Amino acid sequence: MKRMLTPTLLLALLAGCQAAPPSEARAQSPGAATTVAVAETAQPAAAENFQGWLSRFRREARAEGISEATLSRALDGLRYRPRVIELDRSQPEFVRPIWQYLDSAVSATRVTTGRERLAEHRDTAREMERRYGVPAEVIVAIWGIESNYGGNFGDFSTLEALATLAFDGRRSDFARTELLAALRILEAGDISPERMIGSWAGAMGHTQFIPSSFVAYAVDGDGDGRRDIWGSIPDVMASTAHYLDRAGWQAGEPWGVEVRLPDGFDYARTELAHRLSSGEWAEQGVRTLSGEPLPDFSAASVIVPAGAKGPAFLVGRNFRAILRYNNATSYALAVGALSDEIAGREGVVQAWPREQQPLSRGQVREMQRLLNERGFGVGAPDGIMGPNTRRGLRAFQGAIGVTPDGFATLTLLERLRR
């Protein structure tokens with residue numbers, strides 16, 4: 001299947017790193033208004049060049065079939081936004097460990113609010129579940145994590161944000177494509193330019209679709225002839241469920257289950273690319289915490305996001321469908337755990353290794369360099385713990401006699417330094 005342009009993967013593509021939790025790139029707080037206002041007037045030369053770029057883009061958009069009326073409504077008076085470039089350039093040196101992310105994403109308040117929202121919109125959510133096979137609690141969980149149930153989906157003009165990113169040049173082709181998609185949304189009459197708002201990276205509305213995803217997957221859920229993910233909850237829920245359906249969601253299957261691994265388990269198998277049936281995993285000693293049979297998965301993976309000392313999960317096709325929405329394990333686990341708790345099921349039970357100190361991106365790059373130097377090839381150091389880095393780290397762990405789970409810790413980095 002052709003790779004989908006996911007609603008929040010845009011954040012990762014623009015930042016050149018792993019997908020960040022959506023809340024980390026949302027609208028600025030009211031207290032930031034003064035700083036933003038100063039920044040907006042700080043680069044007159046860039047703003048002047050931007051207007052020249054915008055004139056050229058306007059001609060190109062007209063040649064691609066966008067009407068003059070839409071171009072005037074969308075582009076007249078469009079501003080260059082230095083704040084967008086500032087946010088695009090700022091990459092956090094430290095990435096929160098998964099347990100801290102889940103503490104926030106699946107907080108007691110978010111669970112309670114999710115249950116309230118599900119009760120408030122139960123008929124709509126159940127209709128979308130019937131139509132697309134995606135459980136109502138999963139639809140609501142994505143809504144909660146993407147925008148805190150509509151409380152924070154951004155206050156940037158999508159048109160200004162994408163035009164600024166396209167003009168800037170670092171990801172110009174990608175941002176230009178998204179800007180054209182935004183114009184097509186306006187051309188179709190789904191929304192007005194003034195209401196097309198979202199994050200600095202161009203993700204829009206309650207569930208943070210980027211424009212190309214909106215064009216491909218947004219659905220008119222309330223029958224008014226428009227697809228409005230800013231103001232219509234039926235449209236929000238229908239679009240989210242439709243997206244997951246197209247991403248391969250399997251009705252009747254859970255996203256996954258927390259499991260206990262046997263002593264001596266081969267952690268080299270804890271990669272999403274390694275898939276076996278539930279029966280095959282059971283033969284290797286993988287068990288649910290409750291002792292009940294494993295869910296009936298035909299192609300499931302075991303993952304240990306925090307290594308051998310943290311929780312383990314058996315995940316199936318629906319977990320991978322959530323990853324198509326945002327390609328980060330922490331995100332998909334948050335959606336799964338939040339949906340379980342909204343539905344009254346138990347959340348994550350096993351303890352996280354909270355005593356572990358997370359590595360900065362610079363420390364991960366150092367670890368990668370040292371692994372390469374010691375013959376555990378992981379490829380070019382990039383500061384990201386991908387499959388190659390985990391594979392090399394497991395080999396190093398095996399060589400020094402510790403459990404080869406591929407989980408990077410400060411202790412392991414210090415061993416490599418010695």
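Axes in this tour are lines fitted to C-alpha atoms, for helices over the stretch in contact, and angles run from 0 to 180 degrees between N-to-C directions. Helices (H or I, at least four residues) and strands (E, at least two) are DSSP runs, numbered from the N terminus. The model is predicted, and local features need pLDDT of at least 70, side-chain atom pairs count only at pLDDT 80 or more, while totals for chains, interfaces and linings use all residues. Residues are numbered from 1 along each chain as its sequence is written, and side-chain values use heavy atoms, with hydrogens and water left out.

**The whole chain**

Begin with everything displayed: the protein has 19 helices and six strands. Of its 418 residues, 55% count as buried, where buried means under 20% relative accessible area, exposed over 50%, and partly exposed in between (1.4 Å probe, protein chains only). Among contacts (heavy atoms within 4.5 Å) between residues at least 6 apart in sequence, 69% join residues at least 24 apart.

**First stop: helices 5 and 10**

Select residues 82-89, which form helix 5, together with residues 158-168, which form helix 10; their axes come within 9 Å and cross at roughly 65°. That makes helix 5 roughly perpendicular to helix 10, given that angles under 35 degrees count as roughly parallel, over 145 as roughly antiparallel, 65 to 115 as roughly perpendicular and the rest as oblique. Helix 5 passes helix 10 in a right-handed crossing; a crossing is left-handed if the near helix is turned anticlockwise from the far one by less than a right angle, and right-handed if clockwise. Show side chains next, and Val84, Ile85, Asp88 and Arg89 of helix 5 will be seen to meet Ala161, Thr164, Leu165 and Asp168 of helix 10. By class, this contact of helix 5 with helix 10 has four nonpolar, one polar and three charged residues, where Ala, Val, Leu, Ile, Met, Phe, Trp, Tyr, Cys and Pro count as nonpolar, Asp, Glu, Lys and Arg as charged, and the others, Gly among them, as polar.

**Second stop: helices 6 and 16**

Move to helix 6 (residues 98-105) and helix 16 (residues 329-342), which pack at an angle of about 40° with their axes 10 Å apart. Helix 6 is therefore oblique to helix 16, and the crossing of the two is right-handed. Ile98, Tyr101, Leu102 and Ala105 of helix 6 make the contact with Ser330, Tyr331, Leu333, Ala334 and Leu338 of helix 16, a set that divides into eight nonpolar, one polar and no charged residues.

Now select Pro353, in the loop between helix 16 and helix 17 (361-373). Pro353 counts as buried because its relative accessibility is 3%. Not counting residues up to four places away in sequence, Pro353 touches Trp99, Ala306, Lys309 and Gly310. The C-alpha atoms of Pro353 and Ala308, 45 residues apart along the chain, are separated by 9.3 Å.

**Last stop: Leu413**

Finish at Leu413, which is found in helix 19 (residues 410-417) and is buried, with a relative accessible area of 0%. Leaving aside neighbours within four places in sequence, Leu413 is in contact with Leu359, Gln363, Glu366, Met367 and Leu370.
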